[in-house]
Amino acid sequence: MTTGIRVKLSTMMFLEFFIWGAWFVTMGTYLTVTLKATGTQNAGAYATQSLGAIIAPFVIGLIADKYFSAQKILGVLHLLGAASLFYATTIADFDKFYPNILFYMIIYMPTLALVNSVSFKQMKDPSKEFPPIRVFGTAGWIVAGLIIGWLGWEKSGSLVLTFKMAAGASLILGLLSFTLPDTPPVKKGQKTSFGDIIGLDSIGLLKNRSYLTFFLASVAICIPLAFYYNFTNPFLNEVGMTAAAGKQSMGQMSELLFMAAMPLFFVRLGVKKMLAVGMLAWVLRYIFFAYGDVGGNYWMLIAGIVMHGICYDFFFVTGQIYTDNLAGERFKSAAQGFITLATYGVGMLIGSYISGPIVDHWKTSATTHNWQTIWLIPAGIAAVVLIFFLLLFKDKTSMATKPGLDIQEPSAQTEI
């Protein structure tokens, strides 16, 4: 890979996640303060991410993989996204905002896979070449949060500017995409089944009791995850934290640190303990939020944010590695697609529709909530999932001992 291509791919990855981080973190505060949305409406807006994640495989499987080059689709989607994000700044009520953000997430979520496809196409050894490029994505998310905090848009009530900033970055990435190396469709002329798209070929993994336990725990743990994504920023602003979005970027910083340390933890802990520590961190995070404040317990709020690295890396990244090893070469792509659809699609969707009514129920005035009770609910859910996992997950090795299970393919699939 030439230096020029590496710079372009790194810039692409930076902008991809800068765009998302620029508006997603603070959208809850923008909706509740500026558009006077309820907790249920706020959660519904965040649920569009899950709906986009469910639809994204069909965009990739039916269009990108068969008809058009990935970089061209990436460019078109980001140009449409720029228009959608800018249009969001002109909307004054939630009823009009919702269909627009739903449209945006449907066209944005497929780009997460497209930037990976464009990157991998240029690499001879993705395991070594991809991480230094992917890290720019995390950097993009962090920089977006720091800019919002530095400019004080939360305190000044100017969060509409986050959508304008994201729209500008989306426009730049849309134009840049057309200059990226060509990534032609990999399945041109081939038939694609419904099972191929959602990863049903890997469903045989669920015959393994430990993997079934992990799979169910993964879906269930995404329910409390939705509370974090949907309501952390409104919560922090409501309790009086200054530059909350900027401080939330410490979660991504910790993610980088724990990612670098994961090989050491793998050797010492193994899969079961890694996953369990990740889930325990979810319980502790929400307890810290429940009892934290901007006074003497300010450290609890910061600790709850910083624990994002453990919550995400120890559970989701470990789970991806566990899935990859257990599935073997034949089914690893299908297995990763299936677990992603189940977690960020189904699990997060359920969590969004549960979290909104709970936040509304514990509203104490027009602008305040009983956050202690609210945060103890996802803490309790995470604790139940942790107990379920510890009792039923029996794979105690550092990694699956029989990679590449003998999985029976579905007997009937609908051709698309």
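**Two helix pairs, worked through**

Helices α10 and α12 make a left-handed crossing (the near helix is turned anticlockwise from the far one by less than a right angle; clockwise would be right-handed). This is a predicted model, where local features need pLDDT of at least 70, side-chain atom pairs count only at 80 or more, and totals for chains, interfaces and linings use all residues. Residues are numbered from 1 along each chain as its sequence is written, and side-chain values use heavy atoms, leaving out hydrogens and water.

**Exercise 1.** Work out how α10 and α12 are oriented and which residues meet.

*Solution.* Step one: find α10 at residues 209-238 and α12 at 250-291 (helices are DSSP runs of H or I, at least four residues, numbered from the N terminus). Step two: their axes, 11 Å apart, pack at about 30° (lines fitted to C-alpha atoms over the stretch in contact, with angles from 0 to 180 degrees between N-to-C directions). So the two are roughly parallel (under 35 degrees; over 145 is roughly antiparallel, 65 to 115 roughly perpendicular, the rest oblique). Step three: look for the contacts (heavy atoms within 4.5 Å), with Phe214, Tyr228 and Phe235 among those in α10, and Trp282 and Arg285 among those in α12. The tally is 12 nonpolar, one polar and one charged (nonpolar: Ala, Val, Leu, Ile, Met, Phe, Trp, Tyr, Cys, Pro; charged: Asp, Glu, Lys, Arg; polar: the others, Gly among them).

**Exercise 2.** Do it again for α2 and α5.

*Solution.* Start with α2 (residues 27-34) and α5 (residues 94-121), whose axes come within 11 Å and cross at roughly 160°. That's why they count as roughly antiparallel. Next, Met27, Tyr30 and Leu31 of α2 meet Phe94, Phe97 and Ile101 of α5. Sort these and you get six nonpolar, no polar and no charged.
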